[in-house]
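Hi,

Here is the structure I promised to pass on to you. Have a look at it first, and then read on for what turned up in it.

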Amino acid sequence: MKFPNALQNARLFAAVFALTPALRADGQAAAVQPPSTQPLAENPAPNKGQVNNAAGKGQVKNTGDGDSPDKGQVNRGRVVGGLSADGGATADKGQVKNKGQVINGEAGGGRRDARQAAVRLDAQQVADDEVVLLEAQVVTAAPFRRDRAELAAATNVLAGEQLRRAAATSLGETLDGEPGLAASGFAPGASRPVIRGLGGARVLVLEDGLGTLDASVVSPDHAVALEPLLGGRVEVVRGPAALLHGSGAVGGVVNVIDGLIPESAGSAACSGRFGGQVNSDDNGRVGGGRLEGAAGGAVAWRLDGLRREAGNRRTPAGVVENSAVETEVLRGGLSWVGARGRAGVSATGFGSDYGAVAEEDVTIRLKRRQLAAEGALERLGGFFSGLRTKAGFTDYRHTEFEGDETGTVFKSRGGEARAELLHGRTGGFEGAWGARAGADRFSAEGEEAFLPASRTVSGEVFAFEEWARGGTRAQLAARAQFQRVRPEGGAARRDWTGAFSAGVVRDIGGGCAVTLSVTRSGRAPSAQELFADGPHAGTGAFEIGDSALACERVWSGDLGITRKTGRVTGALRVFATRFDGFISERATGEVRDGLPVYRFAQSDAVFWGAEAEAVFKLLDAPDNAVELRVTADAVRAETRGGARGRLPRMTPSRAGAELTWRGRWLTATAGLRAADRARRPAAEETATAGWCLVNAEVAVPVRAGGFSGEFFLRGTNLTNQLARNHVSLLKDKMAAGRRGVTAGARVAF
């Protein structure tokens, strides 16, 4: 298929936010929003704009002096203190000029300088005991909750109904199609996120802020050991906020936020949400849910479980052999919540069996066990206003079976701990300072153990500062990182890397803002890039590392314009990234053990492109709302210097559109996703045909007594088109599923 010249030239338009329906003060959704449209175990408390209080009187109570995050009250439609930009005064006919959002029964981020989603209190239309909230997407990857438009660099957020519809068997497939995001697409059970053409170790994957410590960065046939359907939100950040988690994450950070350790103690002794679905293209079945509750007003608990089964994927080109997946997850969290802080623990068990696809007799069984703890203190006094701590220990085992015989066994065991000190506004700045330390041991045993056992120790210090005045907001971040990798029987490799990022957001009127961010960062080579030496079945190559590789040095810039109010909202961004010493595998022309030899080497490289998103509010009545969302992106990459050439497996230009109608008793969605033909493949790869997939869904909300729920029916690839992922190493074997139907239901009480 052919795209318009506007897409080929990256003249793209976009949108960042979709307005959501008003919520009544008792926390129930207005009729325009069907109930229970969240993922199976979504945490409903954070970032949902809900008023959670026992009395249900529309009051939001919070004790505090208004000097630290989450201060201020909204009481009977009046601002009591510390919430609005002028210290509680109102203006413009009853509208409170602030950016506070009610979160977990508190005015989340209700600081005097006004940070988050708009809270509108119209005295002429709102009853005396009722508060109307307009929800906005809020990013929690920064030290303080921020609206997406308040961050200088590009950000993607999937939550609620959008995440539920996108959730797939892997994290990569879940995010695939969002502006700037693609999937490595190795197998249904193993697909990692790719951000603006960058993947592998350049993209950091976290679960509630902690690393998964799995083997997914070692090989594309290794799965990310987490379940997307259990996440309440998936956030992807770049720029200054990304430096809070790692300077080596030059592509970005993907944080799956599930709130397993409760942050507040609700009033219900027990509540829950359960759901399931079946689909036709791979005979898949998913079932799971969540129970949570509170005791004594200070103790909160939560229990999640899920089981997924899927057979071999059936595509328009035939059945993809050895692509079946089975996944089981069981986990729980417990916390104590006090007036000035909280502390909690959690335990997670994750297991998955899936086919490797590349070899029809190889299956992979992985197990991941994690213990985690976190805590927070507020109103410390003095310069610092709060403290956050988080720690986790992970035991990961990954076994590759060749038929019934054990082939290669990968093991990873280690832990990490991080702490952040938050400070309130001082000299016009507010922010967080922190440190992280981690250690893990990785080993591979078996005939295809192409990596020696190694031990990695790392330590980091970081800082994030934000300054705001009038219509200008500046964000600064810095990070220094130490890493030592010691291979078994070899000399240790030590690297120091640093990173600095600066960004600015400037309001230009009409609800529009211009954003600019620049980042200088570095990435130390991974153990695979340094010490690989052997056959690697996952990539079909004999891989050889180079212990003399230098650290990558990276400059990246991001320029955008956003519009966050009105019937048409959106964002358009252009970006460029320059690597000094980009590490990649190069074919040598040799053959060993029947496999082509690839050696890790360095050269300079540059990435550039654009991404866009737009939301059109075509109709916005209480019981009849119509919305059109349009997305598009493009990325190009090539090496520089002596050996110039295009880099392989770059995401082709893509576009998508989704039309949604929400009525009182029905929600209907129809959309398409399209990719242009990979017109300029790298020297060692072949072109991939373009494609266009058409999907549709209808959902019917139900409510009976104390239960609410939803039935839905979804059709995928309705035109039965053959669609291959150019990013995938196995694009000739793998393709999108054939025409299929998914049916499911959810219930909450």
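Predicted model: local features only at pLDDT ≥ 70, side-chain atom pairs only at ≥ 80, totals over all residues.

**Strands, cores and cavities**

Five strands form it, with mixed pairing, in the order β9-β14-β15-β12-β13. Which strands are at its edges? They are β9 (155-159) and β13 (210-211), each of which pairs on one side only. At the β13 end, strand β12 (residues 203-207) runs antiparallel to β13, and two bridges join them. Glutamate 207 is the residue that stands opposite leucine 210 in β13.

Now to the nonpolar cores. The largest one has 31 residues, and Tyr354, Leu366, Phe442, Phe450 and Leu451 are those with the most contacts inside it. Several elements give two or more residues to this core: β21 (325-337), β22 (341-355), β23 (362-378), β26 (429-445) and α4 (527-531). Its largest share comes from β23, with three residues. Leaving aside neighbours within four places in sequence, phenylalanine 450 is in contact with Val218, Phe410, Gln528, Phe531, Ala532, Asp533, Gly534, Pro535, His536 and Glu543. A second, separate core has 14 residues, including Leu158, Leu163, Leu171 and Leu181.

Is glutamate 420 buried or exposed? Glutamate 420 counts as buried because its relative accessibility is 9%, and the cut-off for buried is under 20%. Glutamate 420 has its place in strand β25 (residues 405-426). Not counting residues up to four places away in sequence, glutamate 420 touches Gly386, Leu387, Arg388, Ala432, Trp433, Gly434 and Phe462. As for alanine 376, it is 44 residues away from glutamate 420 in sequence, while the C-alpha to C-alpha separation in space is 9.4 Å.

Last, the cavities. How many cavities of 30 Å³ or more are there? The count comes to eleven. The second largest cavity holds about 280 Å³ of space. Its lining is made by 24 residues, and those closest to its centre are Arg238, Gly239, Val250, Gly251 and Ser556. The elements that give two or more residues to this lining are β30 (512-523), β33 (552-563) and β34 (568-592). Of the elements, β30 gives the most to the lining of the second largest cavity, namely four residues. By class, that lining has eleven nonpolar, ten polar and three charged residues.

Enjoy exploring it, and write back whenever you like.

Best wishes

Methods:
Residues numbered from 1 in each chain as written. Heavy atoms only, no water. Core = buried A, V, L, I, M, F, W, Y, C linked by side-chain atoms within 4.5 Å. Buried < 20%, exposed > 50% of the residue type's maximum accessible area, 1.4 Å probe, protein only. Contact = heavy atoms within 4.5 Å. Pairing = 2+ DSSP bridges. 1 Å grid on protein atoms, 1.4 Å probe; cavity = no way out; pocket = protein on both sides within 12 Å on 5 of 7 lines; lining within 4 Å. Points joined across faces, edges and corners; volume = space filled by probe spheres on them. Nonpolar A, V, L, I, M, F, W, Y, C, P; charged D, E, K, R; others polar.
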